[in-house]
Amino acid sequence: MDIRRTWMEQGSLPKKDDTQMPRSVEGDCPVMAAVLDFGMVTSEKKSDFLVLAYDDIVSIEYFHQQLPGYWKRDGLTMGQMLLLAIREYPTIKKLVLDLTKN
């Protein structure tokens, strides 16, 4: 299925994930997509965020020792790490906004 074409023609994404793996990117390039529907455009400010994560299993090799990602240092699972990131989002966003005001 050509997800890009479907989006352009119908304005929607497939209801199910494409599980065709492994495959070549040459003919049927995999696509990651999400839709955040903000409804009608008005003068009201609206905001949302999307959480995207990738676990590379082994992040670095240091003196011939393969080391996991830094986020795993306290034994968090991927799900726990994502939930923590979501909980911390408002605080981090405020810190960034405060830094950019100066």
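Trainee: Where does Ile86 sit?
Mentor: Ile86 is in helix α2. Helices are DSSP runs of H or I with at least four residues, strands are runs of E with at least two, and both are numbered from the N terminus. The model is predicted: local features need pLDDT of at least 70, side-chain atom pairs count only at pLDDT 80 or more, and totals for chains, interfaces and linings use all residues. Residues are numbered from 1 along each chain as its sequence is written, and side-chain values use heavy atoms, with hydrogens and water left out.

Trainee: Why is Ile86 called partly exposed?
Mentor: Its relative accessibility is 36%. Buried means under 20% relative accessible area and exposed over 50%, with partly exposed in between (1.4 Å probe, protein chains only). Ile86 is therefore partly exposed.

Trainee: What makes the nonpolar surface patch with Ile86?
Mentor: Phe49, Val51, Leu83 and Ile86 make a patch of about 320 Å². Patch residues have over 30% relative accessible area and no salt bridge; nonpolar side chains (Val, Leu, Ile, Met, Phe, Trp, Tyr) are joined within 5 Å, like charges within 9 Å. Ile86, at 36%, passes the area cut-off.

Trainee: What is the span of α2, and how does it stand against the expected one?
Mentor: α2 has 24 residues and reaches 33 Å from its first C-alpha to its last, close to the expected 34 Å. The expected span is 1.5 Å times one less than the number of residues.

Trainee: Where does α2 bend?
Mentor: At Tyr89, by about 50°, with Pro90 following within four residues. The bend is the angle between axes fitted to the seven residues ending there and the seven starting there.

Trainee: How many aromatic pairs are there?
Mentor: The count is 2. Phe49 and Tyr89 are one of these, with centres 4.0 Å apart and planes at 20°. This pair links distant parts of the chain, 40 residues apart: Phe49 is in the loop between α1 (3-10) and β1 (60-62), Tyr89 in helix α2 (residues 78-101).

Trainee: What type is the pair of Tyr62 and Phe63?
Mentor: Edge-to-face, at 4.7 Å centre to centre and 85° between the planes. Rings of Phe, Tyr and Trp (its six-membered ring) pair if their centres lie within 6.5 Å; planes under 30 degrees apart count as stacked, over 60 as edge-to-face and the rest as tilted. By that rule, the pair of Phe49 and Tyr89 is stacked.

Trainee: Why is Phe63 called exposed?
Mentor: Its relative accessible area is 69%, and the cut-off is passed, so Phe63 is exposed. Phe63 also has a positive phi, near 50°.

Trainee: What makes Lys72 and Asp55 a salt bridge?
Mentor: Their closest N and O atoms are 3.3 Å apart. A salt bridge needs a side-chain nitrogen of Lys or Arg within 4 Å of a carboxyl oxygen of Asp or Glu, so this pair qualifies. Lys72 lies in the loop between β2 and α2 and Asp55 in the loop between α1 and β1, so the pair ties together parts 17 residues apart in sequence.

Trainee: How many salt bridges does the structure hold?
Mentor: It holds 4. Among them are Arg23 with Asp18, at 2.9 Å, and Lys94 with Asp98, at 2.8 Å. Lys94 and Asp98 are 4 residues apart in helix α2, so about one helical turn separates them.

Methods. Areas by Shrake-Rupley, 256 points an atom, 1.4 Å probe, with all protein chains shown as cover.
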